[in-house]
Amino acid sequence: MKELLKNFYPKFLWGGSSGKGPLYQHMFNYSRLWRSAVMLTALSAILPLLAITWFDYNVTRKAVESDTMSRTSRTVSNTKRTISGFLLERKSALDFIVHDNTFEELIDPARLEKILENLQKSFGGISDIGVIDATGRQIAYVGPYSLTDKNYSGQEWFRQVVDRGIYISEVFLGFRNVPHLVIAISHELPNGSFSILRTAIDTDQLNDQMTTLELGAQGNAFIINTQGELQIPARHHEKTFEKIAIPIPPFSPSTETLDYHDPYEGDFIIGYAYVPDTPFILMIAKNKNELMKSWHKTRVEILIFLSVGILIVMVGVIGFATFFVNNIYIADQRRIKTLHQVEYSNKLASIGRLAAGVAHEINNPLAIINEKSGLIKDIFQFSDKYAKDEKLTGLVDAIHNSVARCGAITKQLLSFARHMDVSFQPVKLETIIRDVIGFLGKEAEYRNIHITIDVAKNIPDFESDRGKLQQVFLNLFNNSFAAMTEGGNLNVAASLMKDDRVRLTVADNGCGIPEKDLKKIFEPFFSTRTRTGGTGLGLSITYSLIQEIGGAIEVSSTPGVGTRFVITLPLHAKNIKEKPHAHTPG
Amino acid sequence: MRILLVDDEEEFVATLAERLSLRGITADWVTNAHDAENLVNTQHYDLAVLDVKMPKVGGRELKKILEKKQPGIKTIYLTGHGSEEDYQAGSAEAEFYLMKPININDLIRKINDALDRKAQGGGS
């Protein structure tokens with residue numbers, strides 16, 4: 001699990017390329033690659049999500065709006081029918097009266113009073129009733145005022161009732177100062193003339209009808225005339241005859257709805273209908289916010305769905321982009337490491353060849369000096385003349401010894417170079433250690449570094465790769481030398497372990513390695529000596545080489561005290577598969 | 001006992017021959033394979049000390065020529081080079097392989113060893 005999570009850690013953001021030259025540059029700009037991958041994948045996932053959400057958002061909103069409109073429209077239609085019905089009832093009652101009574105009966109005050117009494121019993125809210133003849137004169141009247149003989153011929157309503165047979169007035173206060181309306185119908189008389197029956201109706205009953213409407217807390221219902229004056233009190237403060245703030249809607253024979261924005265109270269949906277054969281316009285206003293409450297809830301749900309969707313997409317996209325870019329980055333790192341390793345091996349091989357060439361060139365003149373000085377000594381020894389001249393023989397011996405020293409160095413160089421490419425063979429651990437130390441002997445002397453080698457005698461010759469061991473020791477000793485100041489101690493010890501393995505320790509009393517670096521020292525390109533030419537590959541290659549020969553390496557260090565590398569090597573090479581190794585052709 | 005020294009370094013091979021003769025070993029020397037071949041036609045040698053790396057014909061090739069002319073002749077290689085090729089050749093005949101600069105006593109010891117084997121009828 002932890003390993004899996006590691007793949008999602010963006011190593012590429014912090015890892016750099018330490019190599020020089022085009023070969024060692026990374027193949028990609030990983031931050032840009034990652035950004036592009038995230039952006040493209042996120043866009044292709046989120047855009048359709050946004051489109052679907054936008055579509056759904058609009059469809060849902062329109063559905064809710066249209067549902068609200070149609071509900072308002074229904075309320076208006078129903079209320080219109082109620083009002084029409086209210087007025088029609090009374091008109092029909094008047095129709096019945098004029099047909100049920102003769103003109104003479106109607107103008108009989110006692111009869112008329114009885115009719116009024118019956119009407120009040122049946123409908124209530126009817127305050128008076130009068131009969132007007134064709135000249136406009138009220139010839140009979142029952143009610144609270146003395147209106148008998150009043151002439152209405154000059155009035156607008158009289159003309160209308162003559163023209164259309166019926167008249168329903170707007171609401172007005174009249175002498176009683178009570179809001180009421182008038183219904184008048186005309187009736188043809190047998191003599192060809194006509195009479196008009198007129199009655200006044202209080203609007204209280206209409207008020208009652210309107211107050212029973214379900215309009216919500218912010219809703220309102222009005223009955224207005226064509227001038228926009230209220231015909232009955234509205235729910236919120238407005239009184240009869242006040243002009244409403246809403247503009248008068250255009251005439252339409254059917255029920256209509258429209259949007260209305262009130263600067264103080266917000267958006268409203270207005271449903272209205274012109275009540276037929278009356279001067280009344282019925283209006284119902286409903287607060288849009290209230291109506292759209294269910295939509296607001298749905299809207300929040302859609303937005304939550306969208307946010308969660310985007311969050312999931314982004315987490316997925318970022319996770320996968322990181323995972324894949326990481327894998328590419330790691331592969332690229334490996335490529336660079338391999339290139340470095342090849343270059344490093346080539347460098348070592350070149351140094352080996354150079355050393356061998358120099359050693360060979362020096363060897364021939366050295367052999368001549370050796371033979372010439374040998375001959376001089378021979379002459380001294382074989383002739384009586386110089387045999388006893390100790391000074392001369394001493395001088396020749398000195399030349400001889402120097403030649404022997406040079407010879408030892410060239411042999412060592414040649415031997416080292418010769419074993420560079422050789423793979424598994426029987427090796428003598430102590431010899432290899434001493435060979436490698438031999439190269440560092442002079443430096444150790446100059447810097448007064450004390451080297452102790454303690455290889456247990458019971459370690460047998462064992463199968464291993466001499467060249468790789470040489471590289472390993474050279475790397476470790478060089479590291480120790482770099483860490484130590486003058487007068488340091490390098491201790492190399494080897495012992496046989498119980499399980500047929502050799503345990504080798506290389507310990508120095510140098511500057512040590514801080515704990516934070518200790519975990520990284522075997523990683524490629526990790527170096528604290530980059531400024532002084534460290535490639536950061538020495539220990540990484542050492543690690544690989546030891547793995548190749550089936551061994552293991554561990555490190556422990558205390559800053560200021562010293563560092564100890566512990567290597568374990570197998571005595572038997574049977575389980576080791578040799579990896580293909582890169583060599584350059586000579 | 002007569003031995004043949006072949007090395008392209010005249011200064012080296014002449015001095016070595018002189019030193020061997022001082023020790024009672026008769027040694028003729030030449031600096032190339034061609035001269036060595038001519039010499040072998042007229043003279044019998046018990047042993048040849050050959051430089052492995054010489055211009056035109058090297059020591060290992062010369063060894064085969066000499067063995068044809070004088071079957072049973074023993075060979076000691078000398079080399080100033082530590083190449084893999086030389087090492088392989090030397091490893092195959094370890095007793096007969098010496099690296100320059102040589103120690104005269106080591107050489108005489110090897111000569112004696114080789115000739116002892118010849119006397120016993122062993123060796124390669």
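Good morning. A helix here is a DSSP run of H or I with at least four residues, and a strand is a run of E with at least two; both are numbered from the N terminus. The model before you is a predicted one.

I begin with chain A as a whole. Chain A contains 14 helices and 16 strands. Of its 586 residues, 29% are buried. Consider next the contacts in chain A between residues at least 6 apart in sequence: 62% of them join residues at least 24 apart.

Where does the largest nonpolar core lie? This core has 51 residues, and A:Leu282 and A:Met283 have the most contacts inside it. Strand E8 of chain A, residues 266–274, gives the most to the core, namely six residues. Domain 2 (101–198) and domain 3 (213–291) of chain A both contribute residues, and therefore the core lies between these two domains. If we set aside its neighbours within four places in sequence, A:Met283 is in contact with A:Phe222, A:Ile224, A:Ile246, A:Ile270 and A:Tyr272. There is also a second, separate core of 35 residues, which includes B:Leu4, B:Val30, B:Leu66 and B:Phe96.

My next subject is helix H11 of chain A, residues 429–446. Does its span agree or disagree with what its 18 residues should give? At 1.5 Å a residue, helix H11 of chain A should span 26 Å, and its end C-alpha atoms are 26 Å apart, so the two values agree. Buried residues in H11(A) are A:Leu429, A:Ile432, A:Ile433 and A:Val436. Against which elements do the buried residues of H11(A) pack? Their partners in chain A are strand E10 (424–427), strand E11 (450–455), helix H12 (466–483), strand E13 (489–496) and strand E14 (501–508). Just after H11(A), A:Asn448 adopts a positive phi of about 60°.

Finally, I come to the contact between the chains. How many residues does each chain bring to the contact? Chain A brings 23 residues and chain B brings 18 residues. On the side of chain A that touches chain B, helix H8 (293–382) and helix H10 (390–418) each supply at least two residues. H8(A) accounts for the largest share of that side, 15 residues. By type, the residues of the side of chain A that touches chain B are ten nonpolar, seven polar and six charged.

Thank you for your attention.

Notes
Residues are numbered from 1 along each chain as its sequence is written. Chains are lettered from A and ligands numbered from 1 in the order in which they are written. This is a predicted model: local features need pLDDT of at least 70, side-chain atom pairs count only at pLDDT 80 or more; totals for chains, interfaces and linings use all residues. A nonpolar core is a set of buried Ala, Val, Leu, Ile, Met, Phe, Trp, Tyr and Cys residues joined through C-beta atoms within 7 Å. A residue is buried if 20 or more other C-beta atoms lie within 10 Å of its own, exposed if 12 or fewer, and partly exposed in between; C-beta atoms are placed from the backbone. Domain bounds come from an automatic or database domain assignment. Two residues are in contact if their C-beta atoms, placed from the backbone, lie within 7 Å. The expected span of a helix is 1.5 Å times one less than its number of residues. Ala, Val, Leu, Ile, Met, Phe, Trp, Tyr, Cys and Pro count as nonpolar, Asp, Glu, Lys and Arg as charged, and the others, Gly among them, as polar.
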